[in-house]
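Have a look at the model first, then read on.

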Amino acid sequence: MLLFAAVLAATLLVAIVLGLRIAQRSVEDEIRKRTSELASATTLALKRVGTDDDQLSEELAATVRKHRGLMRVELARQAALGIDADFTAARITPNGILFSRWRGPATRVAGEVVDDPDSGRALRVVAPFNDARGGRARLVLLASLAEAERLVAAERRALLEVAVGASLFLVIAFWILLGRILIRRVSALQLAMRAVEGGLLDVKAPGPAQGGDELAYLARGFNQMLTQIRGFNAELTHKIEEATAELTRKNRDLEELNELLVDARRDLTSKERLAALGQLAGTIAHELGNPLNALNGHLQLLARRPDLPDPARQQVPVLQGEVQRMTQIIRRFLDQTRGFTPAAEPVQLAPLVDEAIDLTLGTEARAKIQVAREVDGAEVRTDPGLVRHLLTNLVANAVDAMPNGGRLEVQARQEGRDVVLRVTDTGSGMPPEVKRHIFEAFYTTKPNGKGTGLGLAICKEIARALKGRIDVDSEPGKGSAFTVRFPVTDAHTA
Ligand SMILES: Nc1ncnc2c1ncn2[C@@H]1O[C@H](COP(=O)(O)OP(=O)(O)OP(=O)(O)O)[C@@H](O)[C@H]1O
Ligand SMILES: [Mg+2]
């Protein structure tokens, strides 16, 4: 606003100064033209008057009187021209016209501006001519420029008044136009821009949908740009989401792969441990085998002795039976540690389940645990020894998990081409960090002497040998469910 006012004032000032100069110049030109014309007319009149000084003076005085603004009329005659020129001069004073004699050179002057000591700025016109006697003479007219200056001063005043009025009017009009119309609209546009800077893309600059001035055009352009940015943003967000989803997917794949790797490593360690155990068990079985054989031989000898008293004779077969069981256990143990090689035969699942439950649940456990069986009556082809082993281990773990009693459920059935064994308990359940390790050899949470940590590792090996798998579902405090699933063996494969 201030800049506008300053520019306006400077422009008006320059215009006024230029206008006044031009006006002054044109007034002066007009005075010069008229004075020159008057000089020509006066020289003609002086020629007519003749050479009489009084008459010439009278004519000069009349000329001064007739023309307002003419301050002095001087006439130089021939005799005086030269180095010492005399002439009569009529000068206007407040006391009337005074005549005097004057000396000076004679040259034609079309009208020069001089500073007269008596009357200020004046225009001097010098017109040489031949008088009535043919002698050379010179007429000097001095016209006042005071009138012109007064006119210019009046004009200056008027122009200044107009300029100040016009300036005030323009500034106020500009203020109203700018303040009321432009600034308000520019502020609205600025507000919208600030909102966008702050991340709000859902704003809209106010303005008509069509037509309007440059500001409306600007607002429309801004809105179009915002629409494009919104579109671009949405596209970008979509792409980022896609990329993130892809990344998450890949991450999950990687995690799964990692888990597989960890599992494989754990499996390998487990297998290595089992193999080491196998070697150890083999050595123990071998070392135990010899004393057992010797014990068996001695028992046979004892049984043949005729002098053996009766109660001892009845006890020897019992001892022999126990030694035989020990030998069988050692042999089975040896077989197992060498690896599981399933031998398929038609098997009834129900007796296997009953056997596992009967073998594993002692009298105390039976009193506290409620047992439920759900067994398929059908016959399946598989290895009964391995199935028995699986069931025994799983039922034993379930019983251990319910020291205060609970419910044990054993299911065994055929689902399509698969045999499914499921042992469910309502025992302690397992936290994830335990669940992660239960299939590792020698991993146990049971106290020393109570568990070896081999049960589930062997179950996993058996499931694998049967070309199946073992899974667990468990929730701490609620219980666990172990499921073994493996395909029935085809009749011609075993
Ligand atoms: N039904 C279950 N409920 C809760 N925890 C279980 C269950 N079954 C197994 N576990 C956990 O898994 C661990 C490993 O079981 P695994 O059968 O391999 O060894 P163990 O029972 O400790 O010893 P072992 O079977 O050799 O006598 C157990 O120590 C126990 O912590
Ligand atoms: Mg166990």
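## Who builds the shell

H8 gives the most to the shell around ligand 1, with three residues. Helices here are DSSP runs of H or I with at least four residues, strands are E runs of at least two, and both are numbered from the N terminus.

The model is predicted, so to speak plainly about cut-offs: local features need pLDDT of at least 70, side-chain atom pairs count only at pLDDT 80 or more, and totals for chains, interfaces and linings use all residues. Residues are numbered from 1 along each chain as its sequence is written, chains are lettered from A and ligands numbered from 1 in written order, and side-chain values use heavy atoms, leaving out hydrogens and water.

## Around the ligand

There are 20 residues around ligand 1 (a heavy atom within 4 Å), and Asn397, Thr444, Thr445, Lys446 and Thr452 come nearest. The shell splits into eight nonpolar, 10 polar and two charged residues, with Gly counted as polar and Asp, Glu, Lys and Arg as charged.

Now for the polar contacts (N or O pairs within 3.5 Å). An oxygen of ligand 1 sits 2.3 Å from a side-chain N or O atom of threonine 445, and threonine 444 puts a polar side-chain atom 2.5 Å from a ligand oxygen. Serine 480 has a polar side-chain atom 3.5 Å from a nitrogen of ligand 1. The protein covers 91% of the 580 Å² of accessible area (Shrake-Rupley, 1.4 Å probe) that ligand 1 has on its own.

## How the helices cross

The axes of H8 and H10 (lines fitted to C-alpha atoms over the stretch in contact) come within 10 Å. They cross at roughly 150 degrees, on a scale from 0 to 180 between N-to-C directions, so H8 and H10 are roughly antiparallel (over 145 degrees).

Note on methods:
A polar contact is a pair of N or O atoms within 3.5 Å; within protein, one must be able to donate a hydrogen and the other to accept it, and residues adjacent in sequence count only if both atoms are side-chain atoms. Angles under 35 degrees count as roughly parallel, over 145 as roughly antiparallel, 65 to 115 as roughly perpendicular and the rest as oblique.
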